[in-house]
Amino acid sequence: MIPYAAVTQWIGAAVQQQSTYKQLTLITPDAAMSAAVHGERAKCLQRLIRLDMPVPMTVALSFDAVRDIAVGNLPDMAALMAPFGPQPLLSVRPSSLDPDWGGPSAILNIGMNDARHAMMAAQIGDSAATALYLRFVQSYAVHVARLDPDEFDLPDVADAASLRAMLDAYEAETDETFPQEAAVQMVEVLRSMARAWDGTTARLLRQAKGAPPDAGLGLVVQAMALGVGPGESGSGVIQYVNSATGQPQIIGRYLGQSQGRDALGDADGAIYLTCDKRGPSLEDLCPQAFAQLVAYGAMCRRKLREEMQIEFTIENGGLRILDAVRVQRASRASVRIAVALAEDGIIPREDAVMRVEPAALSELLHRQVDPRAKRDLIVRGIAASPGAATGRIVLTANEAQASAARGEACVLVRRETTPEDIRGMHAAQAVLTMRGGVTSHAAVIGRGLGVPCVVGASDLVIDRKRGLVVAPDGRTFAAGDVITIDGTTGQVLVGEPPMLEAALDGAFKTLLEWADEFRDIGVRANADTPADAQTARNFAAEGIGLCRTEHMFFEGDRLGVMREMIFAESSDDRRAVLDRLLPMQREDFQALFEIMAGKTVCVRLFDPPLHEFLPSDRAGLRDLAEQLALPLSEVTERVEALSEYNPMLGMRGVRLGIAIPEIYDMQARAIFEAMVAVRKKGVDISVEIMIPLVSAMREVELVKARVDAVATAVRTKTKAKFDYRLGVMVETPRAALRAQDIAEHAAFLSFGTNDLTQMTYGLSRDDAGRFMSAYVQQGVYAEDPFHTLDIEGVGELLAIGAERGRLGRPDVVLSICGEHGGSRAAIEFCRAHGFDYVSCSPFRVPGARLTAAQSALRDRMKSD
């Protein structure tokens with residue numbers, strides 16, 4: 001598909017070009033033509049003619065001509081019909097700027113009438129001529145006159161009686177005889193196709209494929225090459241690569257005594273193209289025509305610099321090329337084709353990088369539901385983490401862990417997830433939540449783990465007491481039933497549809513290596529665990545831009561220790577409990593540092609409110625009371641005291657680090673001791689420590705003083721030398737506005753766009769999914785701001801923060817580390833404002849590397 005930005009540029013140029021082009025153009029090698037004026041099909045036909053391929057005579061109608069036809073202003077019909085002679089037999093096909101946008105169905109055999117039928121019956125036989133006439137009447141009645149298709153089914157036998165019956169049916173439905181003049185037929189065909197393109201359904205369908213609302217349609221009128229008659233006659237389609245893999249392979253079918261694309265599908269009598277043990281082939285029947293087709297494919301690849309699918313007709317042994325379009329391809333094939341064309345010297349590496357959509361890389365990293373599979377839809381939510389997985393429904397994190405222990409694949413289904421569910425998310429093959437958006441807890445963790453995830457499926461009903469999930473259509477699914485989560489499309493499906501496995505190969509790696517040559521902004525990964533870090537390393541992330549340390553406290557027995565710390569009465573008691581967590585944290589950091597050897601790791605200090613580590617249900621409170629050897633009433637009272645009206649704006653982040661400094665002291669010590677440990681092993685590592693949720697310079701001063709003191713103590717104790725950088729995570733609007741003061745004490749500013757968007761809009765990212773679709777549909781927001789960076793609002797804060805941060809410290813390092821970091825809008829914004837890097841979840845790193853390269857190349861092309 002053509003990138004939207006390129007489309008808008010071409011359309012703008014086309015508006016200026018329209019006056020220089022005729023509305024009707026006979027396609028010749030030197031005719032004045034442009035894809036932006038006549039469409040890609042028309043321009044491609046001209047290229048085929050220039051390559052001396054046997055293309056039938058063709059006239060192109062421009063976008064303006066078709067727009068005029070739609071409002072009743074016809075072109076010069078005499079000029080249109082003149083090149084084709086006195087008794088033409090013609091076809092009309094759509095020609096849009098991008099073939100993926102579709103268009104009206106082709107109409108064949110225009111000009112067929114009673115006189116032409118009698119003439120052709122003498123030439124090719126009565127049955128063949130009657131079959132052509134029947135097909136034209138059917139096509140004209142259904143697609144042009146818009147009559148009931150049921151009244152115009154093709155008969156089993158093409159004879160005079162069936163033809164008479166179909167002509168009578170047309171007359172009965174329209175109160176007029178079937179038109180006999182070719183020019184009259186052509187007028188109605190053109191008018192029908194022009195108006196079909198302007199229809200509401202057609203417009204919505206092509207806009208869903210990336211077409212702008214005012215996309216134009218061209219038409220090509222071409223002399224028919226019959227494919228019916230004496231000798232070897234027929235039609236077929238050939239392509240030269242596998243659409244799924246991109247590997248060289250001749251694929252297609254040929255059907256004798258046929259027209260158009262009849263050979264495709266399940267047509268009876270269709271044969272293979274190449275010699276095949278399973279049956280006859282075109283290579284056997286017409287070796288000369290087959291050899292020509294192979295040569296034409298190689299010529300298209302070399303001269304058109306693309307893998308093409310060719311539609312052809314053989315008429316009494318003679319080959320005609322009717323059309324050639326870019327081969328439709330899966331993501332895996334798009335990468336391999338682009339790389340192969342560059343490696344063969346047909347296109348430059350820059351072109352190969354620009355030809356692959358970043359979203360295609362994401363699909364390659366995960367299993368996907370086979371596009372050909374039948375889908376029994378349960379519900380549709382928000383596609384939050386790509387890929388597809390199948391498993392049995394479980395409704396709690398504990399059930400997910402138990403299922404994994406039994407070796408059974410499961411899907412964790414929750415109203416929403418919390419940090420307490422992380423172990424269950426690790427154990428599940430996929431996650432489904434009723435609430436949440438693309439930056440909700442489930443979405444962020446799912447992307448980090450590479451687990452398919454659908455959130456915001458608000459039409460579901462979860463009945464935990466009965467162990468049921470109720471679909472919008474009333475169907476019920478019990479715990480243990482098998483469902484499939486498609487995190488790429490946001491669909492939840494019944495059962496286990498066929499899957500396509502993830503496919504990373506040499507072409508994938510090569511394309512990204514080329515992309516790295518052209519990009520001018522760094523790409524890091526958000527990674528919280530050694531497994532995340534290894535994934536980031538595998539995808540060539542330049543470091544870790546965000547390590548959320550709180551997730552480490554939910555592993556194993558650490559949650560219990562953390563709860564003890566929360567219930568400690570004094571600073572000394574808290575420190576004593578945290579001393580038990582210190583070696584665990586040190587091991588975590590040491591593992592991360594060893595994996596990321598030679599790169600930079602940015603560790604964010606503890607961020608979430610403490611209540612997230614405490615149970616909320618009665619059974620959980622009883623277990624906690626037993627663990628702490630405290631009365632249930634005391635535990636309940638303490639948990640209630642820690643609860644907040646709005647915890648995401650309460651005691652969290654740097655506020656927690658100042659109020660309970662022992663937590664940050666322990667974390668800083670664990671980081672520095674891990675640095676010393678890996679250095680002894682010869683591992684070179686660059687470490688950054690990031691303070692979350694800052695809003696005032698004094699907060700940074702207080703935390704920096706304690707972290708520096710811990711660093712001094714570790715240096716003194718270990719006699720080791722190490723350096724680190726301390727910076728701030730800019731998540732509040734005030735931090736962006738006061739960035740000049742803050743940057744005086746911070747080596748870097750990393751903008752956390754998840755919370756910054758939440759606070760700028762006054763929206764809860766976990767609840768916005770309930771109304772966001774209505775807001776987008778009614779134009780309140782152009783896009784979900786948690787999905788696409790809001791350049792006008794949040795972007796202005798980022799720009800202010802960056803500008804003022806540089807005033808406070810000219811060498812301050814700037815980055816984005818929210819989930820927006822991997823998106824095209826965010827990357828282009830960061831490049832435009834001189835940011836140093838973006839950071840995103842590990843599985844988004846390849847797409848971010850490619851997007852950054854494409855953005856740099858687009859800027860280079862503009863300057864050239």
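These legends accompany close-up views of a predicted model.

**View 1. Helix α19 crosses helix α34.** Helix α19 covers residues 506–518, and helix α34 covers residues 845–863. Their axes come within 8 Å. The crossing angle is roughly 45°. Angles under 35 degrees would count as roughly parallel, and 65 to 115 as roughly perpendicular. The two helices, α19 and α34, are therefore oblique to each other. The crossing of α19 and α34 is left-handed.

**View 2. Residues at the contact of α19 with α34.** From α19 come Phe508, Leu511, Leu512, Glu513, Ala515, Asp516 and Phe518. From α34 come Pro846, Arg849, Leu850, Ala853, Ala856, Leu857 and Arg860. Sorted by class, this contact has 10 nonpolar and four charged residues. It has no polar residues.

View 3. Strand β8 spans residues 308–315. Seven of its eight residues are buried, so β8 is largely enclosed by the rest of the structure. Buried here means under 20% relative accessible area.

**View 4. Strand β8 pairs with β6.** Strand β6 runs over residues 234–241. It pairs with β8 in the antiparallel sense. Six bridges join β6 and β8. At one of these positions, glycine 236 has phenylalanine 312 in β8 as its bridge partner.

View 5. Strand β9 covers residues 318–326. Strands β8 and β9 pair in the antiparallel sense over eight bridges. Glutamine 309 stands opposite valine 325 in β9. Two residues lie between the strands of this hairpin. In the turn, asparagine 316 has a positive phi of about 50°.

**View 6. An open sheet of eight strands.** The strand order is β11-β21-β20-β13-β14-β15-β16-β12. The pairing in this open sheet is mixed. The edge strands are β11 (377–380) and β12 (382–385). Each edge strand pairs on one side only. From one strand to the next, the twist averages 30°.

View 7. Strand β13 spans residues 388–394, and strand β14 spans residues 410–414. These two strands pair in the parallel sense. Three bridges join β13 and β14. Valine 394 has leucine 412 in β14 as its bridge partner. In a regular strand, side chains alternate between the two faces of the sheet.

Conventions: Residues numbered from 1 in each chain as written. Predicted model: local features only at pLDDT ≥ 70, side-chain atom pairs only at ≥ 80, totals over all residues. Heavy atoms only, no water. Axes fitted to C-alpha atoms, helices over the stretch in contact; angles between N-to-C directions. Helix = DSSP H or I, 4+ residues; strand = E, 2+ residues; numbered from the N terminus. Parallel < 35°, antiparallel > 145°, perpendicular 65-115°, else oblique. Left-handed = near helix turned anticlockwise from the far one by under 90°. Contact = heavy atoms within 4.5 Å. Nonpolar A, V, L, I, M, F, W, Y, C, P; charged D, E, K, R; others polar. Buried < 20%, exposed > 50% of the residue type's maximum accessible area, 1.4 Å probe, protein only. Pairing = 2+ DSSP bridges.
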